[in-house]
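This note reviews one structure, with attention to a chain interface and to salt bridges.

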Amino acid sequence: MLTYTIRRIFQTIPVLIGVTILVFSLMHLIPGDPAQIIAGEQANQEQVEQMRERLGLNEPLPVQYWNFVSGAVQGDLGNSIRSGRAVSSEIGARFWVTVELALYSTILSIFIGLIAGIISATKRGTVTDSLIMIVALFGLSMPNFWLGLMLIQYFSLGFGWFPVSGWGSPQQLVLPVITLGTAGAAIIARMTRSSMLEVIHADYIRTARAKGVKERYVIYKHALRNALIPVVTVVGLQFGALLGGAVLTETVFAINGLGRFVVDAIRMRDFPIVQGSVLVLALMFVVVNFLVDISYRFLNKRIELD
Amino acid sequence: MTTELLQVKNLKQYFPIKGGLLGRKINDVKAVDDISFSIKAGETLSIVGESGCGKSTTGRAILRLDEPTAGEIHFQGDDLLSLNKKEMRKKRKDLQIIFQDPYASINPRQTVRQVLNEAMEIQNVLPKEQRYDRMIELLETVGLGPDKLDRFPHEFSGGQRQRIGIARALAVDPKLIICDESVSALDVSIQAQVLNLLKKLQREFDLTYLFISHDLGVVRHISDRVVVMYLGKIVEIGDKKSLFDNPKHPYTKTLLSAIPVPDPKRKKDQIILKGDVPSPIDPPTGCRFHTRCPFATERCVTEVPELRNTTGMKNGHESACHYIEEIESGEMKPKY
Amino acid sequence: MESPKTIIKVDNLQTSFYTDKGEVKAVDGVSFEIPSGKTLGIVGESGSGKSITSLSVMRLIQDPGKIKGGQILFNGENLLDKSEAQMRRIRGNQISMIFQEPMTSLNPVFTVGDQIAEAYMIHEGKSKKEALRKALDMLKLVGIPSPEQRLKQYPHELSGGMRQRVMIAIALACNPELLIADEPTTALDVTIQAQILRLINNLQEELGMSVMLITHDLGVVAETCDYVAVMYAGKVVEYADVETLFESPKHPYTVGLLKSLPRHDIDQEGELEVIKGMVPTPDNLPKGCRFAPRCPFASDICADRLPELDELEDNSQVRCWIYTDEWDGKSGVSVKDDYGTFASKES
């Protein structure tokens with residue numbers, strides 16, 4: 001297991017290099033002269049040159065890349081063009097808001113998804129099963145900004161149960177988390193159902209029944225533990241996707257998270273902020289994937305633990 | 001020597017195991033480790049042994065379905081291992097294989113007609129106009145009606161699918177057919193039908209069989225000569241009668257005694273071996289059977305026994321045991 | 001028969017599967033009994049209904065299957081009248097079962113020890129610690145080397161033979177009165193098969209249980225069973241004690257099966273006798289005797305009416321018109337001796 005973990009850590013190195021190269025190239029993929037664009041349309045030649053100097057754009061590309069990476073390692077992602085503050089501190093606070101949102105949403109997805117999936121699988125072919133699967137299909141195909149707006153419409157404006165916007169108090173969490181977690185819950189429900197159906201016909205489930213194990217334990221102990229293995233992968237991917245996909249939810253509920261911040265930064269051409277945010281999100285994605293792989297190994301005893 | 005259709009010399013097939021931090025090769029699975037034998041034209045040679053002994057690997061190596069690690073395979077004078085891809089493809093016309101699970105080896109989306117046509121097409125055995133007649137003839141040969149020509153594999157039972165597998169092999173007029181556990185998945189009553197068919201075809205078309213099986217009953221029925229393998233090595237080779245009636249290697253003896261006989265009055269003294277077959281990654285030193293052999297001595301641990309013939313053994317019957325004579329004379333007694 | 005007590009008596013058992021194509025009678029009126037402490041072999045080829053019969057006895061038939069009728073008297077009580085909760089207390093406790101595939105029959109995510117211990121925790125209310133201690137004793141009993149280590153291992157770390165030993169340990173944990181073994185050695189190599197069969201035999205004597213052995217292998221039957229039921233297409237066609245069955249098989253199917261078996265211990269020159277054609281699918285069964293289309297002796301009555309399982313003088317039972325007064329085919333035939341002549345005449 002330790003060897004595997006170390007090897008897996010080594011394997012993330014090329015991924016990290018790839019990510020930094022991509023993020024670094026962002027600056028150079030902008031059509032035209034980045035210095036000109038960042039300095040603004042009204043800037044004169046001298047101001048543009050100054051900007052170029054400030055951004056280090058007149059150095060050779062490898063040197064620029066090296067400066068970017070060595071800065072990033074030390075937590076220095078440059079300064080915001082608009083506010084002039086360090087990118088790292090600008091991102092910091094907002095990043096945790098988004099992580100919190102994604103985390104709660106994932107927990108909600110897992111909770112609802114698993115229960116719905118298991119019920120659906122054990123009641124296969126019944127009305128309950130069909131109903132759950134239809135609801136899941138809705139959850140999956142509903143755009144989440146629309147779901148968010150509907151929730152605000154009924155539960156905030158209509159019943160007045162929850163605040164319309166913001167983030168922090170428990171009441172403020174409910175609607176955004178439901179909005180963001182619904183699609184995930186639907187995916188996990190479908191995945192759990194098919195995985196359970198496969199496992200439930202396995203020989204070892206028959207063995208458990210032949211042993212005299214209660215049906216409830218057959219399902220929740222013997223079957224679920226095996227059925228979870230593929231679900232874990234989905235949950236991990238889901239969490240990563242939520243981090244990036246929180247933009248709309250944050251916008252709808254006016255939450256000051258990273259997603260909305262990036263969108264604003266793009267609109268204002270604050271490239272250091274965009275670079276920094278994309279880098280942080282990508283790193284988060286890599287870390288989550290790493291954790292998923294490790295837990296997958298842990299759950300699945302059949303994989304050689306070399 | 002002229003009658004030898006296939007000669008396998010010092011064949012080795014190692015499969016690398018990767019692992020460690022950098023995924024380098026750390027060891028080998030020694031699936032087949034230096035074996036030699038030959039098959040005469042028109043005979044049936046069987047390879048028997050338990051799972052992991054290397055019998056199927058040998059069959060695959062001969063066809064170069066896996067590239068052998070070392071050795072020579074002479075077929076009608078050519079060393080198959082020195083042929084390039086194109087030459088080898090041509091050779092495959094003479095070398096066909098029938099697998100255990102015909103369902104897995106026939107494309108489920110092809111009809112029997114397409115399966116047979118493709119086989120003939122690849123080797124270009126007949127002009128297009130004559131192929132239809134040939135297909136009908138082939139189906140008849142393997143005992144299927146012409147109405148089956150446009151059916152799909154899933155429409156057939158296990159026994160019928162195996163007949164299609166045989167028809168496909170026959171389509172290119174091969175000289176040698178490797179039957180890899182070809183009747184193992186079939187029910188007894190169907191198995192007998194297919195075995196009879198294989199025998200009939202051998203007579204009619206002068207076929208040579210390399211018959212790979214774990215079932216010693218089937219092997220006794222179909223073979224002329226038998227090779228017994230254990231952990232990648234040949235432990236005994238001989239003509240059928242001599243080997244079954246007068247086995248010399250302790251492994252062959254236990255194998256034969258372990259098979260249940262459908263006759264309750266013949267409750268015999270079974271030799272029950274200790275333990276499992278060891279791993280082919282780090283096979284035991286010396287004689288590979290020594291960890292389970294009831295006769296094993298210090299010599300068996302250190303010295304690899306060669307195949308040899310000795311007094312009281314028919315010509316061509318060889319066993320790889322240091323103590324054939326001592327065990328035969330009763331001088332050595334089993335330790336358990 | 002001198003055995004005073006019958007552990008299980010199955011009477012007219014019917015198990016069907018309800019599919020889109022209609023009812024499939026997998027087990028159609030099967031009856032047999034096992035004297036206490038003895039071994040009954042149920043032999044048949046695929047599709048004979050032998051495995052469904054064993055699962056029916058455990059009441060482990062899953063949807064869309066259903067036990068439609070009959071009786072399963074275990075120690076005189078009909079298992080088909082039991083509630084699911086009562087059945088659960090019997091399973092793994094009084095009746096246990098082992099299966100064909102040792103590779104897939106153990107749960108991959110629990111240790112071997114946990115899986116054996118579970119039986120003690122369910123049926124004997126033992127604590128986990130106590131149950132694990134007894135699990136260790138079981139591993140020793142089934143002859144697993146270094147049992148203390150094995151207890152903590154996962155199934156994938158064991159060989160096929162070892163896994164089947166673990167399955168046996170689970171099954172025998174609570175000292176069952178009846179062990180149902182469904183093709184327990186089919187997936188194993190012969191030398192390992194010999195070990196496992198010997199183990200089951202020894203444990204049977206030691207623990208005094210009865211065994212119901214499901215197999216397709218007539219050799220295994222001859223070596224391990226006291227009584228044999230031969231099944232074909234959902235019905236028992238012959239039932240006898242093992243000596244009688246192998247010495248004087250009565251049903252043409254039994255005879256054909258024995259003759260088509262290639263033997264490693266004797267010379268069989270020339271071709272094997274065969275049973276022509278193939279097993280009928282359960283959704284398309286012949287009207288009369290189910291073996292009639294493949295039977296070399298078949299006559300008009302065979303194609304028309306299904307024979308009963310009748311007892312003969314030597315206490316064996318056979319489902320065949322030849323042994324009845326109504327037989328309308330050639331008189332004076334001996335199925336065993338004339339099988340070859342009749343079979344070859346046909347082809």
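The points below take the interface and then the charged pairs.

1. The model is predicted. The interface of chain C and chain A brings 27 residues of chain C into contact with 20 residues of chain A. The two chains bury about 2200 Å² between them, 59% of it on carbon and sulfur atoms. On the side of chain C, the residues that lose the most area to chain A are C:Arg88, C:Val109 and C:Glu118, together 25% of what that side buries.

2. Across this interface, 11 residue pairs are in polar contact. Strand 6 (95–98), helix 3 (112–123) and helix 6 (160–172) of chain C each give two or more residues to the side that touches chain A. Helix 3 gives the most, with five residues. By class, this side has 15 nonpolar, eight polar and four charged residues.

3. Two salt bridges are counted between chain C and chain A. C:Glu118 pairs with A:Lys211 at 2.8 Å and with A:Lys221 at 3.2 Å, N to O. The partner A:Lys211 lies in the loop between helix 9 (203–210) and helix 10 (215–252) of chain A, while C:Glu118 is in helix 3 of chain C. C:Glu118 counts as buried because its relative accessible area, 6%, is under 20%. A:Lys211 is likewise buried, at 4%.

4. Over all chains, the structure holds 48 salt bridges. In chain C, C:Glu326 and C:Arg305 form one with the closest N and O atoms 3.0 Å apart, and the two residues are 21 residues apart in the chain. C:Glu326 is partly exposed, at 42%, and C:Arg305 is partly exposed, at 37%.

5. In chain B, a network of salt bridges links B:Asp147, B:Lys148, B:Arg151 and B:Glu155.

Notes:
Residues are numbered from 1 along each chain as its sequence is written. Chains are lettered from A and ligands numbered from 1 in the order in which they are written. This is a predicted model: local features need pLDDT of at least 70, side-chain atom pairs count only at pLDDT 80 or more; totals for chains, interfaces and linings use all residues. Side-chain values use heavy atoms; hydrogens and water are left out. Contact means heavy atoms within 4.5 Å. Buried area is the accessible area (1.4 Å probe) that two parts lose on being put together, summed over both. A salt bridge is a side-chain nitrogen of Lys or Arg within 4 Å of a carboxyl oxygen of Asp or Glu. A polar contact is a pair of N or O atoms within 3.5 Å; within protein, one must be able to donate a hydrogen and the other to accept it, and residues adjacent in sequence count only if both atoms are side-chain atoms. Helices (H or I, at least four residues) and strands (E, at least two) are DSSP runs, numbered from the N terminus. Ala, Val, Leu, Ile, Met, Phe, Trp, Tyr, Cys and Pro count as nonpolar, Asp, Glu, Lys and Arg as charged, and the others, Gly among them, as polar. Buried means under 20% relative accessible area, exposed over 50%, partly exposed in between (1.4 Å probe, protein chains only).
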